[in-house]
Amino acid sequence: MTQIKMPNYDIVIHDHNLLELSKHIKSIYRYDELFVVTDQKVYALYHQEMVEALASFHVSYVVVPEGESSKSLDTYQKVVDTLIEKGIKRNHLMIALGGGVIGDLTGFVAATLFRGIPYIQIPTTLLAMVDSSIGGKVGIDLKQGKNLLGSFYQPKLVFIDTSFLKTLPQREYNNGLAEMIKAGLIGDKKLYQYLLEHDTVTIKEIEQSIHVKREVVLIDPYDYKERMLLNFGHTFGHAIEKKHCYETYKHGEAISYGMLIALQLGMTLGKTDPNLYDEVKSLFLKRGLVQEPLLEMEDYKSEIIHDKKFLADGLNFIIVHKPGFPEIIKLKAMDLL
Ligand SMILES: NC(=O)c1ccc[n+]([C@@H]2O[C@H](COP(=O)([O-])OP(=O)(O)OC[C@H]3O[C@@H](n4cnc5c(N)ncnc54)[C@H](O)[C@@H]3O)[C@@H](O)[C@H]2O)c1
């Protein structure tokens, strides 16, 4: 087991050891009732294993449909209704069991119901293990846009077990790899080097990736400055996702195109090593994260310029000189023209 300390909680990483879960829960919680929120797919795959892992607790399940559409006000209301119906009290413990959708939704319910209920994250996708379960951002989507209703709310524990990855479809696995490659590019040259040469990861790389996020989140917990580094590839990535109505491309795929566009822009500004662009491009092609012909910056400029983050004095934009050496630059509208 590996343990990473956050200011008010631990992230524990196990390799195929789900039976350790109840021990960790008992170290932070003294009651018997647990309220697990999960999606239909994860419930079907892991209900039996959870029954065994949580045999010493009385567990209530709230199961929502899988996919981004569950990060909605409608599902939020249904989850709250079911939890109240099942008798949840404000000192009970909630568990988010699933990918980033479940983590964000459950965290937001936990942050708001009765003005805050303790909760833990059990991420079951690679993306959730290395990214969405870390850092305390929780929230849901509104019809006006993604993640518009949310909060910062830290879990009491993040319990990662790599056994969940055995059922993850390849495309979802690669989706998580994209965020790990991003972490390597902005903050860990060795992680990047490993990911160039391997198509699967172990606890060690998951830990390295979490450390990159941990460092920036600790300096800037509420996303005012340094945390922006995590947005490498995301400015164009979000524009791509938005233009295609969040359907055609997975998040990891959209940000992979976005990272290539950001590297290209860095080259134009004379900051990014041109060899890095070629290397990252062939890595993304090999992992099926992008396809040729690549998406072009040209087609997404208007989404970027009209983005609410594009302020009068420009847009904060992340470029990477070489792996481990990112820089926040101010991008003017004319830089894009
Ligand atoms: N809070 C944050 O800091 C943060 C960071 C990045 C992304 N996010 C959010 O995360 C969400 C995306 O997360 P995601 O990519 O994990 O998507 P997801 O939660 O929709 O999971 C992807 C799919 O994998 C399935 N799945 C989950 N675990 C599985 C397993 N072990 N085996 C087989 N199938 C499994 C799910 O049912 C779903 O169909 C987005 O809503 C995004 O906004 C949040």
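# A tour from helix α4 across the sheet

Start with helix α4, residues 100-112: this helix lies across β3, β4, β5 and β6 (119-123). The direction of α4 runs at about 165° to β5. Keep in mind throughout that you are looking at a predicted model.

**Stop 1: the whole sheet.** Now select the strands. Seven of them form an open sheet. Reading across, the order is β1-β2-β9-β6-β5-β3-β4, and the pairing is mixed. Which strands stand at the edges? They are β1 (2-5) and β4 (58-64). Each has a single partner strand, so one side of each is left without a neighbour in the sheet. From one strand to the next, the twist averages 20°.

**Stop 2: β3 and β5.** Select residues 33-39 for β3 and residues 93-98 for β5. The two strands pair in the parallel sense, over five bridges. Show the side chains of Phe 35 and Met 94: Phe 35 stands opposite Met 94 in β5.

Check the length of α3 next. At 1.5 Å a residue, its 13 residues should span 18 Å. The C-alpha atoms at its ends are 18 Å apart, which agrees.

Which residues of α3 are buried? Select Thr 75, Tyr 76, Val 79, Val 80 and Leu 83. Now look down the axis of α3. The buried residues fall within an arc of 135°, so they line one face of the helix. What covers them includes β3, β4, β5, α4 and β7 (137-142).

Before leaving, click on Gly 87, which follows α3. Its phi is positive, near 90°.

**Stop 3: strand β6.** Move to residues 119-123. How many of the five residues of β6 are buried? Five of the five are. Both faces of the strand are covered. Tyr 119, Gln 121 and Pro 123 are on one side, with Ile 120 and Ile 122 on the other.

Look at the strands that pair with β6. With β5, the pairing is parallel and runs over five bridges. Gly 98 stands opposite Pro 123 in β6. With β9, residues 157-161, the pairing is also in the parallel sense, over two bridges. Here Ile 120 stands opposite Leu 157 in β9.

Now show β5, α4 and β6 together. They make a right-handed β-α-β unit.

**Stop 4: Asp 104.** Return to α4 and pick out Asp 104, which lies in this helix. Is Asp 104 buried or exposed? Its relative accessibility is 13%, and buried means under 20%, so Asp 104 counts as buried. Show what surrounds this residue. Not counting residues up to four places away in sequence, Asp 104 touches Lys 71, Ser 132, Lys 137, Val 138, Gly 139 and Asn 147.

**Stop 5: Ser 22.** Finish at helix α1, residues 21-28, where Ser 22 has its place. Ser 22 has a relative accessible area of 14% and is buried. Which residues is Ser 22 in contact with, leaving aside its neighbours within four places in sequence? Select Ala 53, Ser 56 and Phe 57 to see them.

Definitions and conventions: Residues are numbered from 1 along each chain as its sequence is written. This is a predicted model: local features need pLDDT of at least 70, side-chain atom pairs count only at pLDDT 80 or more; totals for chains, interfaces and linings use all residues. Side-chain values use heavy atoms; hydrogens and water are left out. Two strands pair if DSSP finds at least two bridges between them. Helices (H or I, at least four residues) and strands (E, at least two) are DSSP runs, numbered from the N terminus. Axes are lines fitted to C-alpha atoms, for helices over the stretch in contact, and angles run from 0 to 180 degrees between N-to-C directions. Contact means heavy atoms within 4.5 Å. The expected span of a helix is 1.5 Å times one less than its number of residues. Buried means under 20% relative accessible area, exposed over 50%, partly exposed in between (1.4 Å probe, protein chains only). The arc is that of the directions from the helix axis to the C-beta atoms. A crossover is right-handed if, with the strands pointing away from the viewer, the path from the first strand over the helix to the second runs clockwise.
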